[in-house]
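Visitor: Could you take me through this structure slowly, one part at a time?

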Amino acid sequence: MAEKILRTEYSEEMQKSYLDYSMSVITARAIPDARDGLKPVQRRVLYDMSELRIFSDRPHRKSARIVGDTMGKYHPHGDSSIYETLVVLSQDFKKGMPLIDGHGNFGSIEGDGAAAMRYTEAKLAKFAEEVYLKDLERTVEFISNYDETEKEPEVLPVRVPNLLINGAEGIAVGMSTSIPTHNLLEVCNTCIAYIKNRNIDTKGLLEVLHGPDFPTGGIIANKRDLLDIYSTGNGKIKLRGKIEVELGRKKSDKDKLIISEIPYTMVGAGINKFLIDVANLVETKKLSDVVDISNQSDKNGTRIVLELRKDADIEKIKNILYKKTKLEDTFGVNMLAIVDGRPEILSLKDILKNYIEFQYEITTKKYNILLNKELEKKEIQEGLIKAVDVIDLIIAILRGSKNLAQAKKCLTSGDTTGINFKVKSLEKDAKKLSFTDKQAQAILDMRLYKLIGLEIEALLKDNATTLKNIEEYENILKNHKNMDKLFIKDLEKIKKDFATTRKTLIEDAKEAVYVEEPIASEEVIFVMDKFGYCRLLDRSTFDKNAETVESENTYVFPIMNTDRVCIFSNTGVLYKIKVMDLPMSKLRDKGTPIDNLTKFDSSVEEIMLAVSEDSMRGNFILMMTKNGYIKKVSSDEYKTNNKQVASTKLMDEDILIAVKILLPRANTDICIVSDAGYILKFNVSEVNEFKKSTRGEKAITLGYNEFVDSLYLTADSRLANVNGKEVTLSKVRLSHRGYKGQKIK
């Protein structure tokens with residue numbers, strides 16, 4: 001068979017493929033469905049557990065068994081995502097209502113990971129079983145799985161708006177979702193309020209819902225913003241941890257601040273980060289009244305204890321904690337979900353509207369199935385009741401028939417052909433029979449004990465019940481008002497069985513105010529050795545040992561403790577370090593590596609220049625690259641509070657080989673030396689000023705594989721080392737810019 005080559009425009013193919021991939025991630029991976037509030041992997045885990053019959057009243061099963069079954073049947077995207085989903089669905093510090101009952105190590109609020117799936121066990125929580133999976137077979141549509149060997153539900157018949165109960169977090173392509181958790185009791189009451197009054201506005205709904213209820217508790221400090229957030233579907237919620245004051249009972253006892261609840265955003269590594277931040281604040285004297293920090297959290301809850309000095313200013317400490325640590329943080333709300341196959345940002349009313357429409361859909365399907373079953377039952381019951389009245393005739397038909405088919409034909413159409421009636425008058429009655437196929441089959445299957453009086457009474461009673469059920473189901477299906485009553489009754493039952501108390505306090509708290517005390521300005525000496533270890537020395541120590549310090553270190557210069565050290569890397573990055581972040585040391589202390597203070601990587605970067613930010617002001621920065629580009633940049637270009645900025649633009653495989661400070665009216669000469677031994681000398685006035693985002697201009701013509709080795713300012717040194725030879729820079733004659741320069745012999 002000849003090879004078939006399809007020609008297509010590359011950009012069009014890439015665009016189509018990327019769009020297909022994006023929509024797949026959005027709709028089939030990261031964003032929940034507005035109907036059941038679940039992502040596909042969550043839905044598949046819950047459905048697989050119901051298929052394995054791992055219900056709440058049964059023993060736990062190995063997580064590996066659940067993960068393997070889910071991956072093999074429904075979710076072929078790897079076991080890690082499935083197990084992570086199973087773990088999160090069981091964590092009561094992440095979900096408003098956990099859907100899985102985990103047994104074993106399922107992680108902790110402090111960020112400890114769950115044990116491997118072979119060690120843990122799980123089963124469905126009662127809440128998931130009753131509210132998420134009940135009536136599954138007769139309420140939702142089933143679709144083929146990935147290889148069309150199994151069927152899986154398109155959505156689960158969730159009876160509450162899960163988008164609100166358990167929230168959602170997910171990052172797709174070009175969009176993300178972030179929905180906070182809410183209290184089940186309040187959500188049920190909000191649904192009831194919406195069902196009773198579809199014209200209720202968001203303000204009215206919030207009188208019932210109040211706002212998010214995070215499983216970690218804490219405080220929502222911007223109640224005034226909630227109306228706008230729930231009206232638009234996005235915004236920011238300000239969260240605070242809960243701080244309690246525990247006063248010492250005895251004189252010897254210290255007062256304590258107890259953090260008993262944390263912001264939801266601190267779940268995970270946030271607690272350890274908070275402890276480190278508090279320790280740093282104590283070390284830098286910003287929390288001088290705190291004498292000890294301890295994490296006493298256990299399975300009963302969070303308890304972080306800060307012991308205080310006597311007569312400590314508690315309000316000031318609280319403000320510092322809220323202002324300087326993650327004890328006050330923001331939760332970004334973006335209520336994005338899939339509606340009719342498309343991602344949409346939903347308001348609170350949109351979520352409730354989608355929930356009710358979904359309930360109408362699954363309720364209609366459920367009661368149509370129930371009604372059809374009752375109608376079928378009614379048909380059979382009526383046939384049996386009628387048969388009891390003519391039982392002698394039926395017995396005569398059965399005795400005179402040669403086979404069941406002949407008897408059934410007589411019962412359904414009155415055809416007596418071939419049937420031998422001992423009493424001829426019965427044949428005339430038999431011709432009048434017109435049972436349905438189902439009734440005829442039920443009569444033929446009927447046992448003789450059904451003729452007992454009590455059995456006949458039971459049959460009549462069952463028929464009355466069936467007629468009552470049919471009337472009830474038809475009324476439910478007749479209009480939405482009757483369904484609404486059913487929903488309210490169902491929500492009331494869910495409230496009664498599963499409701500929990502609110503954990504998160506909602507208020508309009510005062511802004512945390514903290515004014516840092518001005519730091520006493522003093523001069524210190526910055527010291528950095530050739531290995532990048534830096535430290536500070538006080539002026540008196542340096543003055544006594546100036547010669548030793550300068551001989552043993554690469555950079556030594558005075559700097560104010562309120563200033564910042566600027567470090568230029570050969571990779572075109574400028575790193576800034578606050579002097580206050582540097583350790584004050586003794587003469588023989590080693591110091592701290594620059595790698596620990598910034599994102600500088602000493603394994604791939606070299607320091608071109610270290611200088612105080614104050615000494616840069618009003619001057620120019622001269623830069624020379626390996627490929628021969630030169631420029632000067634105003635120091636104003638580097639006015640920023642960022643710890644890391646690009647100092648220049650570098651082309652591929654180019655690096656900086658020199659960075660110098662130039663005075664505005666400097667009248668010095670520049671000498672550029674190449675690795676081939678050529679030297680080019682010209683006046684600094686010939687170098688043009690450029691922005692930091694440009695690469696500059698060509699300074700020297702280089703040969704093949706030749707590069708600039710070094711740059712000298714004649715004012716810096718009288719001698720330069722060129723290929724191992726000492727060259728007097730002042731004797732090198734000036735050359736025209738752009739030429740190769742003269743060869744050093």
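What follows is a set of questions and answers about the structure shown above.

Guide: This is a predicted model, in which local features need pLDDT of at least 70 and side-chain atom pairs count only at pLDDT 80 or more, whereas totals for chains, interfaces and linings use all residues. Residues are numbered from 1 along each chain as its sequence is written, and side-chain values use heavy atoms, with hydrogens and water left out.

Visitor: Which residues are in contact with Phe274, leaving aside its neighbours within four places in sequence?

Guide: Contact means heavy atoms within 4.5 Å, and Phe274 is one of the residues with the most contacts inside the largest core. With its neighbours within four places in sequence left aside, Phe274 is in contact with Ile259, Met266, Ile304, Leu321, Thr325 and Leu327.

Visitor: Which element gives the largest share of the lining of the largest pocket?

Guide: On a 1 Å grid over the protein atoms alone, a pocket is an open set of points where a 1.4 Å probe fits, with protein on both sides within 12 Å along at least five of seven lines, and lining residues have an atom within 4 Å of a point. The largest pocket is lined by 43 residues, with Asn280, Thr284, Lys286, Met580 and Asp581 nearest its centre. Among the elements that give two or more residues to this lining are helix H10 (270-283) and helix H11 (314-324). The largest share, six residues, comes from H10.

Visitor: Is His210 buried, partly exposed or exposed?

Guide: His210 lies in the loop between helix H8 (202-209) and strand S8 (219-220), and its phi is near 70 degrees, a positive value in a residue other than glycine. Most residues other than glycine have a negative phi. Because its relative accessibility is 38%, His210 counts as partly exposed.

Visitor: Is Asn705 buried or exposed?

Guide: Asn705 is found in the loop between strand S31 (697-698) and strand S32 (708-713), with a positive phi near 65 degrees. Because its relative accessible area is 60%, Asn705 is exposed.

Visitor: Which residue in the turn between S18 and S19 has a positive phi?

Guide: Five of the six residues of strand S18 (residues 523-528) are buried, so S18 is largely enclosed by the rest of the structure. Two strands pair if DSSP finds at least two bridges between them; six bridges join S18 to the antiparallel strand S20 (residues 555-560), and five join S18 to strand S19 (residues 533-538), also antiparallel. S18 and S19 form a hairpin with four residues between them, and the turn residue with a positive phi, of about 85 degrees, is Gly532.

Terms used: Core = buried A, V, L, I, M, F, W, Y, C linked by side-chain atoms within 4.5 Å. Buried < 20%, exposed > 50% of the residue type's maximum accessible area, 1.4 Å probe, protein only.
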